[in-house]
Amino acid sequence: MERLLSSFTDAVVTINDEDFERAKKLNLAHGNIFHIDGVGVNLERFHPISKIEKHEIRKKIGLRDSDFVVLYVAQFIPRKNHQLIIHQIQNIVKTVPDFKVVFAGNGETLLQCKTLAEQMGVSKYIMFLGGRSDIPDLCGMADIHVSPSLQEGLAIGNIGAMATGCPLVLSNIRGHREVCRDGINGYLFDLTDSIIVLFQDKERYELIKATNLHDVHKFSVDCSVKSMAGIYKSVVE
């Protein structure tokens, strides 16, 4: 469908390097091909929170201040690959005993994941919150934001977590590589080892947190609007 419609377009806009290079190689545009840094995150909604706010949010959903919390915001569908996290919990808690996984989202594989957690005996380490409207608060209270997804364009949830300072642990795929610079503002898997490093190395954790707060501005709504305005202007002219 994209190939068909591209012959009618005056511009194609891509949001990751791989799609940009592929569009150029396949000549998927009648006009120019552009690359921008995502569709824009509202930094007025996603921002760091105070320790008091973090405490209150955790208390509200049943978490302790001492818990080391990993958050995954994603619809429960096969390509989001929630099962990978559940399978690795037993290894993680050997080093991180107060480990907690928070899943925010609904979908077709939710029941399957709950059943898997029970079968593996790790249900006590997981919170299935369902669909939520308070994602900025959840990102702010989490220690790490993870995504084991098998396919992404440019996952907006990761960028929202970046804006709160939350380090990222992401699968090494297109879209994730656009957001996460391995070892600098997070890690591109191995999931278990990356979580343990961030738990144990407090200095590294704080450095990554500061880097995220700096780097996220290029993904802001303001930058996205400015980029798109330039593209529209060039097409009209």
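So, the lining of the largest pocket: by class, that's 8 nonpolar, 5 polar and 9 charged residues. Keep in mind, everyone, that we're looking at a predicted model. In total 22 residues line this pocket, and the ones nearest its centre are Lys54, Asp143, Tyr205, Glu206 and Lys209. The space in there comes to about 450 Å³. Which helices supply at least two residues each to the lining? They are H3, covering 51-61, H6, covering 135-141, and H10, covering 202-215.

Now, on to a helix pair. We describe two packed helices by the angle between their axes and the distance between them. Take H4, residues 82-92, and H9, residues 191-200: their axes come within 9 Å and cross at roughly 55°. H4 and H9 are therefore oblique to each other, and the crossing of H4 past H9 is right-handed. If you'd like to click on the contact, pick Leu84, Ile85, Gln88, Asn91 and Ile92 on the H4 side, and Leu191, Thr192 and Ile195 on the H9 side. By class, that contact has 5 nonpolar and 3 polar residues, with no charged ones.

Most residues other than glycine have a negative phi, and most peptide bonds are trans. Asn81, though, has a positive phi, near 60°. You'll find Asn81 in the loop between strand S3, residues 68-73, and H4. Then there's the peptide bond from Phe189 to Asp190, which is cis, with omega near 10°. Asp190 itself sits in the loop between strand S8, residues 186-188, and H9.

Thanks, all!

Terms used:
Residues numbered from 1 in each chain as written. Predicted model: local features only at pLDDT ≥ 70, side-chain atom pairs only at ≥ 80, totals over all residues. Heavy atoms only, no water. Axes fitted to C-alpha atoms, helices over the stretch in contact; angles between N-to-C directions. Helix = DSSP H or I, 4+ residues; strand = E, 2+ residues; numbered from the N terminus. Parallel < 35°, antiparallel > 145°, perpendicular 65-115°, else oblique. Left-handed = near helix turned anticlockwise from the far one by under 90°. Contact = heavy atoms within 4.5 Å. Nonpolar A, V, L, I, M, F, W, Y, C, P; charged D, E, K, R; others polar. 1 Å grid on protein atoms, 1.4 Å probe; cavity = no way out; pocket = protein on both sides within 12 Å on 5 of 7 lines; lining within 4 Å. Points joined across faces, edges and corners; volume = space filled by probe spheres on them.
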